[in-house]
Amino acid sequence: MKAGLGIFAVALLALPYVGLPAFYESFSYLLLSAIVLATSWNILSGYSGYFSFGHGAFFGVGVYTTAGLAGKLDWPFLWTLPLAALAAAVLGVALGAVVFRVRALRGELFALLTLAITFVLATIALNTVDGGPGIQFMVDTPKLTPTASGFLYLLMLAAAALTLWIAYAIYHSRFGTGLLAIHDDEDVAEVMGVPTYRFKLAAFAISCALAGLAGGIHAVFVSYVTVAETFSIALAVNVVLMAALGGTRHWLGPAVGAVAITVLLYAFTSGQAAVLGRALTGLILIVVIVAMPEGILGQLLKRFRKKEPVRKPPVESARPAMKAKTGTILEVRGASKAFKGVQALAGVDLDVRGGEILGLVGPNGSGKSTLINVVSGHYTADSGSIRFEGAELIGVAAHRIARAGIARTYQIPRPFPQLTVLQNIALPPMFGQVAMDRAAAEREAWRWLEFTGLEAKAHRFPPDLNLHERKFLELARALASRPKLLFLDEVLSGLTPVEMDGALRLIRAIREQGATIVFVEHVMRAVMELTDRIVVLTYGKAIAAGQPAEVMRHPDVVSAYLGTAHV
């Protein structure tokens, strides 16, 4: 394999020196340019799911940076390339710093905004650069190859190699895992410890910088820069199509798509065949969206995974149980939260003591899940105080709360659907309080796969699991972060009696590991068996707290569950 890659690399480097017709150098250059653009687009849009139609804008910034500096100010063009990348990155960061703070600007709204940026920049360039006739310039290139186009080919080859290496490194890093989690469920990723805002901003900057670098090289290649050709919507559409055809969930997918689409477009360049080529491009886009959403590489990898046996790496021996802190570790005072006039929490007071299993019960709509959401940072409380180990949590970002040692499950399981079971469970140790690297996190994940009996499902995807397995996946994912405080939100709902007994055994074992548990459940048999104390909520307020048997006989609790008798 390595020998084959080495031979291929040598062949690419030797292309300008073998005396082929100029067409082959130019075509190879365009092929490499397409790989850079499609792969750089994928670093943000494919990995994180923030779909951009504005990649041509950042490419255009690179084009005009080099054209202005080299063509008008006579800078050596190689010196302009870092500035072309920097200018595109600065624009991306400035845009992302605003856009990524607004939750509403996701999905199609983000795509439309990036498309609008292309039109804005095109209008600015048209009205400020010599009135819009374009910039024509010639530069001297280093005499490293027989022709100037050969040197530009080598330059774009270096840019393509750099882009693919960056995409590969991100894909196999904590950063890449965090971006893929953002793609699947950004809110859950934040609660699991992923600094979503910072990750999105970094991905956007890298994506824009690589597009700007390609634009700077391309300005010299075309030597005559115009607004119409530079800020072309067709460029953005082709880039999206290339990434989608190859597969956006893999670092190499966009490169595969770039080769396929570029070859197709340039196979139909004469007469009416050009129109046919564009029609086929549109047809391919339709087929990919409808029949092959995972792309060429995604389909191949999916088939391979089905045949792949479960390979378990050596797992470290179980760590000794963590000693739980004594005393009160969580203090909630007067916590309130309203949603459009509906008061979900109305001044809740709650204490959680280290090492206990605290039952949190109450009728549907009493505020139990809202309280968990507020403590975990999913929502911000409107008023009150929430202190964990003495530190105030209100106003703290959800990923920082996760790193403080708080983990949770969801009432309706919310795994990341396009990450494997193993990847789902490995994510919290990467970003929680332990902050492991990816390899160590996967070893940690295997421990919890064994603990919950999911080893055989390690390389499957969550949609392939039944409800019982998805519940245990949620549990394993929460435990993998080694939390000090664990919120279990109705983990027993929907389970059969046999499955429920197994879950109860797991919860007892979790307490033995040293975690403090807040157990939210409607199954009163489980609540009475497991909990040391219970707190009852109704209408967003705590109405009773104490020993389970004593609290469940409290008149207010009986009234909340059964109603008041009337003659």
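Me: Is strand β5 mostly covered or mostly open?
Reply: Mostly covered: in this predicted model, five of the five residues of β5 (357–361) are buried.

Me: Which residues sit on each face of β5?
Reply: Ile357, Gly359 and Val361 are on one side, with Leu358 and Leu360 on the other, and they are all buried.

Me: Which strands is β5 joined to?
Reply: Four bridges join β5 to β10 (residues 516–520), and those two run parallel. Another four bridges join β5 to β11 (residues 533–538), again in parallel.

Me: What's the strand order in the whole sheet?
Reply: It's an open sheet of six strands, ordered β8-β9-β10-β5-β11-β12, with mixed pairing. On average, neighbouring strands are turned by 20° against each other, direction ignored.

Me: How do β11 and β12 pair?
Reply: They are antiparallel, over five bridges. Leucine 537, for instance, has alanine 542 in β12 as its bridge partner.

Me: And which strands does helix α19 lie across?
Reply: Helix α19 (residues 497–512) lies across β5, β9 (485–489) and β10, and runs at about 150° to β10.

Me: Changing topic: how do helices α4 and α5 cross?
Reply: The axes of α4 (residues 77–99) and α5 (residues 108–128) come within 13 Å and cross at roughly 140°. Because of that angle, α4 counts as oblique to α5. The crossing is right-handed.

Me: Which residues make that contact?
Reply: From α4 they are Leu91, Leu95 and Val99, and from α5 they are Phe110, Leu113, Ile117 and Leu121. The contact residues divide into seven nonpolar, no polar and no charged.

Me: One last thing: where is proline 195?
Reply: Proline 195 is in the loop between α7 (174–191) and α8 (196–222).

Me: Why does proline 195 count as buried?
Reply: Because its relative accessibility is 2%, and buried means under 20%.

Me: What is proline 195 in contact with, beyond its neighbours within four places in sequence?
Reply: Those contacts are Glu190, His399, Arg403 and Phe431. As for alanine 209, it is 14 residues from proline 195 in sequence and 21 Å away in space, C-alpha to C-alpha.

Methods. Residues numbered from 1 in each chain as written. Predicted model: local features only at pLDDT ≥ 70, side-chain atom pairs only at ≥ 80, totals over all residues. Heavy atoms only, no water. Buried < 20%, exposed > 50% of the residue type's maximum accessible area, 1.4 Å probe, protein only. Pairing = 2+ DSSP bridges. Contact = heavy atoms within 4.5 Å. Axes fitted to C-alpha atoms, helices over the stretch in contact; angles between N-to-C directions. Parallel < 35°, antiparallel > 145°, perpendicular 65-115°, else oblique. Left-handed = near helix turned anticlockwise from the far one by under 90°. Nonpolar A, V, L, I, M, F, W, Y, C, P; charged D, E, K, R; others polar.
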